[in-house]
Amino acid sequence: MKLMFLIDAKKEKLCSAHGMNPDDVEVVKIDDKWLAKRKIILGKMKEKKYENVYFGCIKLDYQRFQFFMKLYFLLSGYIGGAIIDEEGRANKFSFVKFIFKEIPMIIIEAVASVIVIIYSYIKFPIMKWYLTKK
Amino acid sequence: MVSDEKVKVMFWRTEFYGALTEGGTVSLHVGKIRGFQKLGHEVFYVSSGPMKLPEGVKLYQIPYSKLYRNFPEVLHPNYNRRSINAIIKIIEKEQPNFLHKHHHDFHYGGAWLKKHLGLPFILHVDGIEYWVKKNWGKLYFSHLLRWAEDTELEASDAIIVISDSLKRQLVEYGVNGDKIHVVPNGVHPDQFYPEIGDKGLKKSLGLEDRFIVGYTGTFGRWHGVEVLAESVKHIVKRIPNAVVMFVGDGDLRPKIEEITKRDGVFDKIMITGFVPFTDIPHYLSMFDVAVSPCINNDDNEFFNSPVKLFEYMAMGKPIVASSVGQQGVVIENGVNGLLHEEKQPEELAERIFEIYSNKDLADRLGKEARRRAIEKHDWKFNAQAILDAYKGVVGKK
């Protein structure tokens, strides 16, 4: 039995696009904000021994929080896990890629995010004054 | 002053919604766009993601940056610069008469376009983002959110809201009430009509001999789906062959499952998940009674305008709705539907039973609902109200 966390996507479309038997897939519907709920996600992954675990979304290009999905694969030990979409594409977990690409990228993202927020705290009040002055 | 000449409207949706092309916001936008088309006007649509639009409507996508995808809200402030730079080129090409923007968090692009291009700016507001995040979600970067929200609300030439309650809230929030126009949501009676049929759905779902109590919509905070879930045990006690169908999906789905499992009636419900917008009339066609058990918010009154209510009406369905906010105005108890007190699952079940046990009442309510949907709630009236607001803005200049 495979475990699939569904984010807005449809099980039938995902199974058809990835050649899976729907009867062999246990589905848990989640909102992508639930990825912050570590106990729920990890708890479900560790509830029983699955053949594999997937996060299923509509389109990979538009899916947020993919780093954290991969982190769950690592923490749960499902290193064959993948993020899949309804168009048949898959973003598979790779330990090497995670260490050498995704962790550096999340650090860059974190630094860039801090800069964006600081910049916005300066810019937004100025824009408010400028855009609303008569 | 603008005469009755045809106009070109630019719709702008700035929220990040992934690749989801179903749900309430889509129904709202498609409804309005078709309303403008019915009146002979041209529309194009600018959005951050894919969208299923009516034929003849051009879609321009301005995607969010791929860099900011792992931390909450950070992607939004950055989208201002990105989206404004891109939309200027689109405006140069399309030359719209005015901007109709759906209000979303951390974005001040409408104010920017008005200031720099002089584009008349009509803002659609279906909730004060600061309030929504604070009460229903998580509030990060609250100052940024308020600065952006205040900018848009203050700079807009006119604001379209969906209910009187929301207008009151905006005025309390400090917005000039003179520029706020109350325009409830609507429906296309030529798309939602009784004869459309279920396209074989009832048979394929094995529900041919069942009494179907139906709900459509997102399972969000104000929709009252928990109340409906709580009422299932009362419904099946009185109507043993009833099935309660939840057409949609959302955050409260686990709550529905938890309640009905606790009450031992999980096998009496059906949750479809999101269905394509074009299939919703077919699902509605199966319903014997349609329900809208919306609830007030914890510390303020219900301010929404449920699209589902107008769709039920246009389908000629007998409706049971809670009496909160606009629902208590649109539904006249015993005339075009039955009302119940909010958060009263037993009373909801009782009203459903009244319809189940009185076919004449069900027919009468359904016919009157359909008549009123055609006469008062067609999306074209909504589009006309926005055009009137635009004409008012241009007339003043």
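I looked up burial in chain B: 51% of its 397 residues are buried. Buried here means 20 or more other C-beta atoms within 10 Å of the residue's own, with C-beta atoms placed from the backbone.

This is a predicted model, where local features need pLDDT of at least 70, side-chain atom pairs count only at pLDDT 80 or more, and totals for chains, interfaces and linings use all residues. Residues are numbered from 1 along each chain as its sequence is written, while chains are lettered from A and ligands numbered from 1 in the order written.

I turned to the fold of chain B next. I found 15 helices and 13 strands (DSSP runs numbered from the N terminus; helices are H or I of at least four residues, strands E of at least two). The radius of gyration of chain B, taken over C-alpha atoms, is 21 Å; the globule rule (2.2 Å times the number of residues to the power 0.38) also gives 21 Å for 397 residues, so chain B is as compact as a globular protein of that length. Its C-alpha trace spans about 65 × 45 × 40 Å along the principal axes.

Then I checked where chain A meets chain B. The contact takes 27 residues from chain A and 29 from chain B (contact: C-beta atoms, placed from the backbone, within 7 Å). On the chain A side, α3 (66-76) and α4 (95-132) each give two or more residues. α4(A) gives the most, with 14 residues.

Last, I noted the domains of chain A: domain 1 (2-93) and domain 2 (95-134), with bounds from an automatic or database domain assignment. Their C-alpha centres lie 28 Å apart.

Note on methods
Two residues are in contact if their C-beta atoms, placed from the backbone, lie within 7 Å. A residue is buried if 20 or more other C-beta atoms lie within 10 Å of its own, exposed if 12 or fewer, and partly exposed in between; C-beta atoms are placed from the backbone.
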